[in-house]
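Thanks for coming. I have one structure to go through today, so please look at the sequence and the model first.

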Amino acid sequence: MGMGEPTSLESLAREGARQAALGREMAEATAAVVARRLEIARAALDDPRRADVLELNLMGSEKVEAFALAGGRLAAGGAEMLAEAGRAVEDEARLAGTALNRVLAARDLSAMAAAQTDYAMGLWGRAWSGALDASAMMLKAQGAALAPLHAATTANARRLKVGR
């Protein structure tokens with residue numbers, strides 16, 4: 001599933017399932033990390049001299065870093081989608097103009113109807129392909145944004161030795 005190759009419902013479903021599995025893994029790791037960090041914070045309140053200052057500091061800085069990466073990737077994906085939408089609009093305007101010229105140049109009603117039908121059938125095909133391509137681009141942006149969040153969360157779980 002990528003630009004330049006046909007997008008299929010199957011490839012979208014596979015990518016969606018892959019991302020759902022990463023999301024589930026991230027949610028499980030998050031719950032375990034939050035529970036462990038609450039223990040660390042409580043221990044710091046009980047005895048500030050023995051506080052795990054390194055872990056307490058990481059609680060904020062790592063989130064800022066991961067969400068900044070995720071936001072940048074999501075913005076890049078949005079820009080890519082907008083650029084593709086602009087190209088699609090230009091292409092469709094050109095095709096509609098060509099179809100109109102065929103309709104206007106038709107010598108009889110049969111030729112006029114054929115020109116309209118050709119355009120309409122092509123439009124439906126392009127709309128379907130465009131919807132699949134847009135879905136693929138959204139999944140690509142979502143996956144790119146999810147990656148740094150998943151990486152940070154699962155790394156925390158491994159470092160704190162919590163979760164699976």
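Start at L160. Setting aside its neighbours within four places in sequence, L160 is in contact with V33, R36, R37, I40 and E55, where contact means heavy atoms within 4.5 Å. L160 also belongs to the largest nonpolar core, which has seven residues: A29, A32, V33, I40, A157, L160 and V162. By nonpolar core I mean a set of buried Ala, Val, Leu, Ile, Met, Phe, Trp, Tyr and Cys residues joined through side-chain atoms within 4.5 Å. Buried is under 20% relative accessible area, exposed is over 50%, and partly exposed is in between, with a 1.4 Å probe and protein chains only.

Which elements give two or more residues to this core? They are α1, residues 9-46, and α3. Of these, α1 gives the most, with four residues. Another core lies apart from it and has six residues, among them A66, A145, L146 and L149.

Before I go on, a word on the source. This is a predicted model, in which local features need pLDDT of at least 70 and side-chain atom pairs count only at pLDDT 80 or more, while totals for chains, interfaces and linings use all residues. Residues are numbered from 1 along each chain as its sequence is written, and side-chain values use heavy atoms, with hydrogens and water left out.

Now the chain as a whole. The protein chain has three helices and zero strands, and along the sequence the pattern reads α-α-α. Helices here are DSSP runs of H or I with at least four residues, strands are runs of E with at least two, and both are numbered from the N terminus. The C-alpha atoms fill a box of roughly 90 × 25 × 20 Å along the principal axes. The radius of gyration is 26 Å, whereas a compact globule of 164 residues would have one near 15 Å. That radius is taken over C-alpha atoms, and the globule rule is 2.2 Å times the number of residues to the power 0.38.

Of the 164 residues, 24% count as buried. Among contacts with a separation of 6 or more, 78% are between residues 24 or more positions apart. As for charge, the mean positions of the 20 positive and 20 negative charges are 6 Å apart. Lys and Arg count as positive and Asp and Glu as negative, with His and the chain ends not counted; each charge is placed at NZ of Lys, CZ of Arg, CG of Asp or CD of Glu.

A few single residues, then. Is E62 buried or exposed? E62 sits in helix α2 and counts as buried, at 14% relative accessibility. Its contacts, again leaving aside neighbours within four places in sequence, are R37, N156 and R159. The C-alpha atoms of E62 and P148 are separated by 10 Å, although the two are 86 residues apart along the chain.

D52 is in the loop between α1 and α2, the latter being residues 53-105. D52 counts as partly exposed because its relative accessibility is 36%. From D52 to G143 it is 33 Å, C-alpha to C-alpha, and 91 residues in sequence.

In helix α3, residues 109-160, we find A127. A127 has a relative accessible area of 41%, so it is partly exposed.

Last, K161, in the segment after α3. K161 has a relative accessible area of 74%, so it is exposed. Its phi is near 55°, a positive value in a residue other than glycine. Most residues other than glycine have a negative phi.
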